[in-house]
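Please read it beside the sequence and the model.

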Amino acid sequence: MENKLAVMLDSAIAQEHRQKPKRSYLGASRLEENCARKLQYEFMGAEADHPFTGKQLRTFAMGHHLESLVISWMKDAGFDIRTHNKDGQQYSFSVANDRIAGHIDGVIVAGPDGFLYPSLFECKTLNNKSWKDLEKHGLAVSKPGYYVQIQLYMAYMQLTEAPALLVALNKDTSELYFEWVAFDGAVAQKYSDRAVQILQASEASELLPRLSQDPNYFECKWCPYHKTCFGGGL
Ligand code: SF4
C-alpha cells in the first residue's frame, strides 16, 4: 500500500513538472558546467534521455522550501531581504535578448551595522558531506559552479560593490555556513564570454566539441543528453 501511495504522489509531482513551460534561455547558474555541448542541449531544449524522477523533484522542492526558511531566519535577525517584485515575481535578470537569464534568491538592502548593502543573497541547501566540504575548502574551491553563478549574478544585477552573502544550510544537521563573496570581474567576464560562444554556436546550428569522445567517460555516462549526443539525435 505504501508503495502505491508513493507512486501516486510521484506521478502527481511528475505531472505537475511536465506542465511547467520549458526554459527557453541559457541559465546563468549553469555556465561553469564542464561540457559546453551539454549547455547547448539545455539551451536548445533538447529532450533529456530520462525525465526527473519523483524523488529528484521532491528533493528540488524541499530545497526551495528550506531556502525560504533560511530567508525568514535572516529577516528575523534584522536583515531586509527583498526576494520578489511588486507583482510577486522572483527577482531575475535577462540579457542578450533574453537568451541568458537567471533568478536570484534575493538582495539584502539593509540590516545590522557592520555589513555593506545592497548585497546579493544566495542560499544553498546541502547534504552533510557536501556541506562539510564547503566548510573546509570555501565556495570557490568546493563549489566552483555556485561561485561562478554568484559572480555572474552580481555582474548582471549590478551588485558588485558589496560582497555577496552565501548561506548554506546543512540538511542533515541544520548547521549554517556563511561566506561573503567578493566580486571577481575576470571570472564574470570569462563565463559571460562563454555564454556568448554557446549562443552563437547554437544559432549557427554548430555543435561545440564534446567533453569527451568516449561515451563511457564518467560525466557522459550520467549526462541526461547521452543518447542525443552519441546517438546522433541533434
Ligand atoms: S554525453 Fe558527454 S559530451 Fe555529450 S553532452 Fe553529455 S557530457 Fe557532453
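This is a predicted model: local features need pLDDT of at least 70, side-chain atom pairs count only at pLDDT 80 or more; totals for chains, interfaces and linings use all residues.

Contact, as the word is used below, means heavy atoms within 4.5 Å. By that criterion, and not counting residues up to four places away in sequence, Glu42 touches Arg30 and Tyr225.

**The ligand and its shell**

- The ligand sits in the largest cavity, where the residues surrounding the ligand are Cys35, Lys38, Tyr41, Arg210, Leu211, Cys220, Cys223, His226, Cys229 and Phe230.
- Two helices, H2 (36-44) and H9 (226-230), each supply at least two residues of this shell, and the largest share, three residues, comes from H9.
- By residue class, the shell around the ligand is made up of seven nonpolar residues, one polar residue and two charged residues.

**Glu42, in a helix that contributes to the shell**

- Glu42 lies in helix H2, the helix at residues 36-44 that supplies at least two residues of the shell around the ligand.
- The relative accessible area of Glu42 is 18%, and because the limit for a buried residue is under 20%, Glu42 counts as buried.

- Leu31 is found in the loop between strand E1 (26-27) and helix H2, and with a relative accessible area of 0% Leu31 is buried.
- Leaving out residues up to four places away in sequence, Leu31 touches Leu26, Leu39, Leu152, Tyr191, Arg194, Ala195 and Ile198.
- One of these partners, Ala195, is 164 residues from Leu31 along the chain, yet the C-alpha atoms of Leu31 and Ala195 are separated by 6.9 Å.

**Ser142, in helix H5**

- Ser142 lies in helix H5, which covers residues 139-142, and its relative accessibility of 14% is the reason why Ser142 counts as buried.
- When neighbours within four places in sequence are set aside, Ser142 is in contact with Ser130, Asp133, Leu134 and His137.
- For Leu134, one of these partners, the backbone nitrogen lies 3.3 Å from a polar atom of the Ser142 side chain.

Conventions:
Residues are numbered from 1 along each chain as its sequence is written. Side-chain values use heavy atoms; hydrogens and water are left out. A residue is near a molecule or strand if one of its heavy atoms lies within 4 Å of it. On a 1 Å grid over the protein atoms alone, a cavity is a set of points where a 1.4 Å probe fits but cannot get out, and a pocket is an open set with protein on both sides within 12 Å along at least five of seven lines; lining residues have an atom within 4 Å of a point. A molecule sits in a cavity or pocket if more than half of its atoms lie within 2 Å of its grid points. Helices (H or I, at least four residues) and strands (E, at least two) are DSSP runs, numbered from the N terminus. Ala, Val, Leu, Ile, Met, Phe, Trp, Tyr, Cys and Pro count as nonpolar, Asp, Glu, Lys and Arg as charged, and the others, Gly among them, as polar. Buried means under 20% relative accessible area, exposed over 50%, partly exposed in between (1.4 Å probe, protein chains only). A polar contact is a pair of N or O atoms within 3.5 Å; within protein, one must be able to donate a hydrogen and the other to accept it, and residues adjacent in sequence count only if both atoms are side-chain atoms.
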